[in-house]
Amino acid sequence: MGEPTVIMDVRQAGGSMAVVDIKGEVTAACEPVLMSAYEEASSAGAARVLLNFTGLEYMNSGGIGMLVTLLVRAGRQRQQLAACGLSEHYREIFELTRLDEAITIYADEASALADAVR
Amino acid sequence: MSDQAVPENVAGAEQIGLSAREAKASVQPRDAGNWAAKVERLAVVQRDGVRGTNVAGRRLTGPVQGFGKMWEKTYSLNAGQVTTPQDAIATWKAHFPEFWPKGNRFAGALAGISPGDVALLDLAIGGGVKLSTGVFVLYADQESFTLMTPQGHMFAGWITFSAERTGDATTIRAHVLMRANDPLYEVGMTFGGHAKEDQFWAQTLTALGTRLGVPDPRVETRSTCVDSHRQWRNAKNIWHNAMLRSTLQTLAAPLHRRSRPAA
């Protein structure tokens, strides 16, 4: 598997929500980076993990597969997985693969936060 | 994305009067041509040599929509130093049906595998019955392509076929992420279905390896249960079960022929 070309920064955003800022390319090669970011996001007891795709530059089908695996992990911990910052193109991919039925999609981080504290 | 990170062509678009948001939206990411366009339900072009039932009008199903335990399976083949990943995938895409084990039919577009294509399948399940189903080409680039299954297929998920350089050699892989689509398929997968599937893809990769000139191709299989829970809310998927429907269609075929007026 190739070298990951992605950076994932984790921060707590309030309302029991942690945000993972994804910048770069999401492929199967970045699974260790994503899982490590997810563990960091979960360590403070977040009930919801928001994947912020504003900086997403490229995603292949391996990347989508990895998100399914992450979804299973989140489900085991009774956490909600959400996404924001998807361009129209990537939003359509979430809809095509029907990932949007399990990962709630928000237009931006503020909408996700507003929903989390409601 | 910060202003500094905006691509050059976006900055150019801003100079001709587009807002930053409009300019960003007008730039297609480089994977745009690799993904199929969004579809709600599958449309089918009838193809010779397959029955072509149980696909038209069906929705796509991923692991989220499946019923059974979730499995991740990887079938790998060391294709040696001579074949490049691009050559391996080009050959696989262009001749995909030729590598399938005997008794199974894959009827795709003549041009090979392209995003958005729907291929029709007849799969040997024994007793003179062919399971009639299909697959959708979700993604394709020069080093990989992915097929996604419709409602009624044995499993809900996708299979990614890829090749990459690892050290001096090219490794070819079929990677399956799936759940059995309904309770009946789950029973079938548990009692022999998984072993049959493993054999299917091992034979396929062996045939591909032989075509690529790999001496004595050996396929390595790795299978992991990612989620042992069954998604009972999706048990109703059995309504679309293509195996049951194919069996009924096979039994009903003589009656159809008899009721059709002679030409």
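1. In this predicted model, the secondary structure of chain A amounts to four helices and five strands, and, when it is read along the sequence, chain A follows the pattern β-β-α-β-α-β-α-β-α. The radius of gyration of chain A is 13 Å, close to the 13 Å that the globule rule gives for 118 residues, so chain A is as compact as a globular protein of that length.

2. Among the contacts in chain A with a separation of 6 or more, 71% come from residues 24 or more positions apart.

3. The five strands of chain A form an open sheet with mixed pairing, in the order β1-β2-β3-β4-β5. Strands β1 (6-14) and β5 (104-106) of chain A stand at the edges, and each has a single partner strand, so one side of each is left without a neighbour in the sheet. From one strand to the next, the twist averages 25°.

4. Strand β3 (residues 48-59) and strand β4 (residues 80-84) of chain A pair in the parallel sense over five bridges; among the bridge partners in β4(A), A82(A) is that of L50(A), and A83(A) is that of L51(A). The chain crosses from β3(A) to β4(A) through α2(A), and this β-α-β crossover is right-handed.

5. Strands β4(A) and β5(A) likewise pair in the parallel sense, over three bridges, and Y106(A) in β5(A) is the bridge partner of C84(A). Here the chain crosses from β4(A) through α3(A) to β5(A), again in a right-handed β-α-β crossover.

6. Which elements of chain A supply the side that touches chain B? The contact takes 26 residues from chain A and 29 residues from chain B, and β3, α2 (61-76) and α3 (88-96) of chain A each supply at least two residues of the side of chain A that touches chain B. The residues on that side of chain A divide into nine nonpolar, eleven polar and six charged.

Terms used
Residues are numbered from 1 along each chain as its sequence is written. Chains are lettered from A and ligands numbered from 1 in the order in which they are written. This is a predicted model: local features need pLDDT of at least 70, side-chain atom pairs count only at pLDDT 80 or more; totals for chains, interfaces and linings use all residues. Two strands pair if DSSP finds at least two bridges between them. Axes are lines fitted to C-alpha atoms, for helices over the stretch in contact, and angles run from 0 to 180 degrees between N-to-C directions. Two residues are in contact if their C-beta atoms, placed from the backbone, lie within 7 Å. Ala, Val, Leu, Ile, Met, Phe, Trp, Tyr, Cys and Pro count as nonpolar, Asp, Glu, Lys and Arg as charged, and the others, Gly among them, as polar. A crossover is right-handed if, with the strands pointing away from the viewer, the path from the first strand over the helix to the second runs clockwise. The radius of gyration is taken over C-alpha atoms; the globule rule is 2.2 Å times the number of residues to the power 0.38.
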